[in-house]
Amino acid sequence: MGRVSTIALDAMGGDHGPGVVVAAALRYLAREEQVDLILVGNEARIAAHLGKAAGHDRLRIHPATQEVGMDESPSKALRGKKDSSMRVAIDLVRSGAADACVSAGNTGALMATARFVLKMLPSVDRPAIITAVPSLHGRTHMLDLGANVDCTAEHLFQFAVMGSELVTAVEGMPAPRVALLNIGQEEIKGNEQVKQAHDLLAGGDLNYVGYVEGDGIFLDDIDVVVADGFVGNVALKCSEGVAKFIRHSLSSQFRRSWLSRLAGLAAMPVLNEFRRTIDPRRYNGASLLGLRGIVIKSHGGADEIAFENAIRIARKEIQANIPKRIGDQVGRHLGGEQYKATA
């Protein structure tokens, strides 16, 4: 049996608050014995959702008197909400009372607070947000997804190292295939930052396979796709929109007539598997890489199944000791001659 992990959950964050977080926590504890969970937030509201589970021996409430609004500015949350459920959950990680934090709260506030409280790993300039998306070959990890709008080539190089190390540790891949997101696969295409990052990666010892276009995220045999936060976030949101459009269109078509309903009934096993494959709840949980601690961002509108998956990701990263592994690997790669010559 492995070491018991403790994960702090921001119970007040997200669109649904403690109702979803408490339900997800209970679902997860029913499946996993080697984890303790801390519900951070308003005690009365959390207790009301716990009901008979209030005496659970691996679940406890840690009080916090404030909440961070989903549209609140990061600077306001950082300066004026020192007893928010988000801040307190991250403080528990810093103090060692928790091994990781999971929050569905305001992304900007979460990133700003986590960076302020936990600090950056040595040799890492900026944190990056990474998550997995479904692909023909299983799943592809993408970063950065919005933490950094403007990036240098060196930042992209660091993102590639962090993403590669995360996939190695969590997915068990010794040499993940890494690619740079670009507007074409030819070396002459792309802006200067991407071209310079390409040179850095080509001269390093990651399993770098070159450029990938947007469709290749889902079609090519690639494990890690690297982009700046602006491009990465747009690509992710577009993919989520297309998935919703496909689901809606299929449902509408199969409801058009009794004949189409009959065809839908016959195709139900295939349709159910398709829905399961692209179900965003199975991929919920984005990691904030580069910090001296583990912080997982859940989608703000996550239901209990999706939030439970975010907790599961936190547990995997605890077991893999992701911050230490990333710190070690980034430091090693930054010592490369190619990087030093370009940086």
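Colleague: Which residues are linked in a network of salt bridges?

Modeller: Arg27, Arg31, Glu304, Glu308 and Arg312 form that network. A salt bridge means a side-chain nitrogen of Lys or Arg within 4 Å of a carboxyl oxygen of Asp or Glu. This is a predicted model, where local features need pLDDT of at least 70, side-chain atom pairs count only at pLDDT 80 or more, and totals for chains, interfaces and linings use all residues. Residues are numbered from 1 along each chain as its sequence is written, and side-chain values use heavy atoms, leaving out hydrogens and water.

Colleague: How many salt bridges does the rule give?

Modeller: The count is 13.

Colleague: Is glutamate 72, which pairs with lysine 81, buried or exposed?

Modeller: First, the terms. Buried is under 20% relative accessible area, exposed is over 50%, and partly exposed is in between (1.4 Å probe, protein chains only). Glutamate 72 is buried at 13%. Lysine 81 is buried too, at 17%. Their N to O distance is 3.0 Å.

Colleague: What does glutamate 165 pair with?

Modeller: Glutamate 165 bridges to arginine 325, with the closest N and O atoms 2.8 Å apart. Helices (H or I, at least four residues) and strands (E, at least two) are DSSP runs, numbered from the N terminus. Glutamate 165 sits in helix α6 and arginine 325 in helix α13 (residues 322-334), so the pair ties together parts 160 residues apart in sequence. Glutamate 165 is buried at 11%. Arginine 325 is partly exposed at 31%.

Colleague: Where do glutamate 171 and arginine 139 lie?

Modeller: Their side chains meet in a salt bridge at 4.0 Å, N to O. Glutamate 171 is in helix α6 (residues 153-171) and arginine 139 in strand β6 (residues 138-143), so this pair ties together parts 32 residues apart in sequence.
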